[in-house]
Amino acid sequence: MKTKKQIYKEIKRKRIVGPIIFFMLMTAALGVGVYYVVKYFLEYTLDNKMTTEYENAGNMAEIYDAGSEGREAFKLLDKFGRSFFITDKNGKIVMQKGENTIGDEAKKVELKVFDTEEYITVYRDTKASAVKIGKDNKLHLDTGKLQKYLDSDEYADNYINVMIGDESMEIEDEEDLAPDYFELPVWIAIDVKNGSETMYVQAMLLISERDIIAFAIILIIMVVLVLVMMIMLLARTISNVHRQRKMTNFFFADTVTGGKNWMYFILRGEQLLCKRKSSKSKYAVVSLDMKKYRNYCLCHSIAEGEKLLQNVHEILKAEVDKKTELFAHGESSNFALILKCEDEDRLKMRVYELIKKLEKLDDDHRFSFQAGVSVLDMITNEKGHIVRRKSVNIEEEYNKALSARESMGDSDESGVVIFGDKLIEEEKWLDKVQEYQEKALNMDEYEVYYQPKYDPRTKELRGAEALIRWQSPELGFVSPGRFIPIFEKNGFITNIDHYMLSHVAVDQKKWLDDGLKCVPVSVNVSRAHFAEEDLAEQIRDIVDAAGTPHNLIEIELTESAFFDDKKAMVNTINKLKEYGFTVSMDDFGSGYSSLNSLKDMPLDVLKLDAEFFRGEESDGRGRIVVSEAIKLAQSLNMRTVAEGVEVKEQVDFLAGEGCDMIQGYYFAKPMPKNDYRSRIEAGKADPEELEEKN
């Protein structure tokens, strides 16, 4: 399939190159046509004149063959007004009149006499050799020698002598001597006396004023026709070029802002960066995006949103140098820019200043913009000299800028990030994780770790949470924080949910079969999974496949999942409870808490976020919040679990408030399943271990 870039180049080539080539070919064809018309007209004229002269020469030969001799023959032949001479077989001249200017080389000329083709022997005249015989046996006019002959004194003298010798000619002024015709002499050879002698007659090809006028008229007509055709072709070519420009403008037009679009950015951007004068400058490709643009359109209208983008376009237009930089509107609220870059710090400052202007699009709203930047350094050769960029992959550079911008995550604050080594390493890590994720699943490289939950009063084991670790032969030991966020973005997290649930169910079943007193283990299920209507059935079937009692599996949901489809969430929770599973809310109080979640969701366990138990407390407000949360859960018949508990004072406080379970480093870190098995066997936390921590 052709890319837009290829389509654009093809349209441009057809619309411009085609008409230009056609124009050049037609111009050449018309020029050749004029040449051959002139050529054949001259040949036709010379051929007609030659036919007349050949008839005169033939008459002279007949008179000579008739037997006239001496002065009588001269008188008869003299009436023809032509120079001639006669030679015998040995080449000796036996009769002559006028000057002998015959050339040495004889050539055969094809001539039509009385509608029959006939070849006659013709010699060039040595003094006036304006007529030449071509290889095609045709008479041709040598214009260069003709002009030289007409400019010669000899031609003028001969012409004047002819005029003076004509008694009927009255000469009153020198202007009367101006010729209205000119003669082109050649010599014709005719056999006489049965071939025993040869008569050589000087033929005068008379080119009259009428011939010249006819030739001029034909030439003018041809030139006019050629000019008309050339003008028509030129007009058509210009029209095609104009249409091509209109098509190009349409091809590059952005319908939202009225400016240029993404295709313009790709094609013109590469041309800009590959110019010779651009080689001595660093440039930067920038991905600029308006945050919460869709929210603005929802609150106002799409038309208002597009008007906002038009205002952004106008500000960028004023800030971007038209000669050395460019910008275009991409998708949605994204703009792509190519800016000159003296150094990264100045560029970053310039982009920040630009964002400050954009933030003040109107007085009623505060807008935020984020920009990612990819810097293109100058290119140097082996000798360290700066050279011209041969090619630039604009889309690749823009993707770098886009990656830099996306590294700001879900933040809505304005900012600028330059793509660098750190981002490159992050991109490489992302690529590696995604490359090995499926293989790791198939090879059981993911390990289940268990973190026990203890009763803060009795120190008895009451439950555990299943956590994932990755032991990769290629990547080494990988902590969850380095791969779980990636899985959540690319959707692989649902595969991990199934994997963890299956392994926990198998472990629980084995420990039961070994006669151990198992406690419920909570397994996290990602919010992405709750889009599936049969999630409860999937969980049930996985646990049943291992043969594990449902009451030993607790399904743990993150609080953020409650802000998706609430109806589907409630339906799934009710099904899970019907199947005998316990359902808990993880990270309660992590930033999106809603009492409606507790009101509407039939949950069994509430897990207090670890942030409640970190940092120093000066006024006791945190303890008040925790205390009230525990009381609220108890009122709703929910058990409570406190996460992230690390010191004895926290344990004592939570025990006094009636917290059911504590999960944290104070009692135990996450551990491999064999270590957790030992915890199950012990049943209680190790007093000596706790004593050491105290």
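Start by selecting helix α13 (residues 493–513) and helix α19 (residues 673–682), which pack at about 45° with their axes 12 Å apart. These two helices are therefore oblique to each other; angles under 35 degrees count as roughly parallel, over 145 as roughly antiparallel, 65 to 115 as roughly perpendicular and the rest as oblique. Axes here are lines fitted to C-alpha atoms, for helices over the stretch in contact, and angles run from 0 to 180 degrees between N-to-C directions. Helices (H or I, at least four residues) and strands (E, at least two) are DSSP runs, numbered from the N terminus.

The model is predicted, so local features need pLDDT of at least 70 and side-chain atom pairs count only at pLDDT 80 or more, while totals for chains, interfaces and linings use all residues. Residues are numbered from 1 along each chain as its sequence is written, and side-chain values use heavy atoms, with hydrogens and water left out.

Stay with the first pair. The crossing of α13 and α19 is right-handed (left-handed if the near helix is turned anticlockwise from the far one by less than a right angle, right-handed if clockwise). Show the side chains of D507, K510 and W511 on α13, and of K673, Y676, R677 and I680 on α19, which make the contact (heavy atoms within 4.5 Å). By class, this contact of α13 with α19 has three nonpolar, no polar and four charged residues. Ala, Val, Leu, Ile, Met, Phe, Trp, Tyr, Cys and Pro count as nonpolar, Asp, Glu, Lys and Arg as charged, and the others, Gly among them, as polar.

Next, select helix α14 (residues 535–546) and α15: their axes come within 8 Å and cross at roughly 30°. α14 and α15 are therefore roughly parallel to each other. Their crossing is right-handed. L535, A536, E537 and I539 of α14 meet T572, K575 and L576 of α15. The residues of this contact of α14 with α15 divide into four nonpolar, one polar and two charged.

Is G580 buried or partly exposed? With 33% relative accessibility, G580 counts as partly exposed (buried means under 20% relative accessible area, exposed over 50%, partly exposed in between, with a 1.4 Å probe and protein chains only). Leaving aside residues up to four places away in sequence, G580 touches H550 and N551. Its C-alpha atom is 8.9 Å from that of I553, 27 residues away along the chain.

Two other loop residues come next. Most residues other than glycine have a negative phi. K292 has a positive phi of about 60° although it is not a glycine. Look for K292 in the loop between β9 (283–290) and α7 (293–299); its relative accessible area is 46%, so K292 is partly exposed. N637 also has a positive phi of about 60° and is not a glycine. Select N637 in the loop between α17 (621–635) and β23 (639–643). N637 is exposed, with a relative accessible area of 70%.

For the last pair, select helix α8 (residues 302–319) and helix α9 (residues 344–359), packed at an angle of about 145° with axes 10 Å apart. α8 passes α9 in a right-handed crossing. V312, I315, L316 and E319 of α8 contact R350, L354, K357 and L358 of α9.

Finally, show the whole chain, which has 20 helices and 25 strands. Of its 694 residues, 43% are buried.
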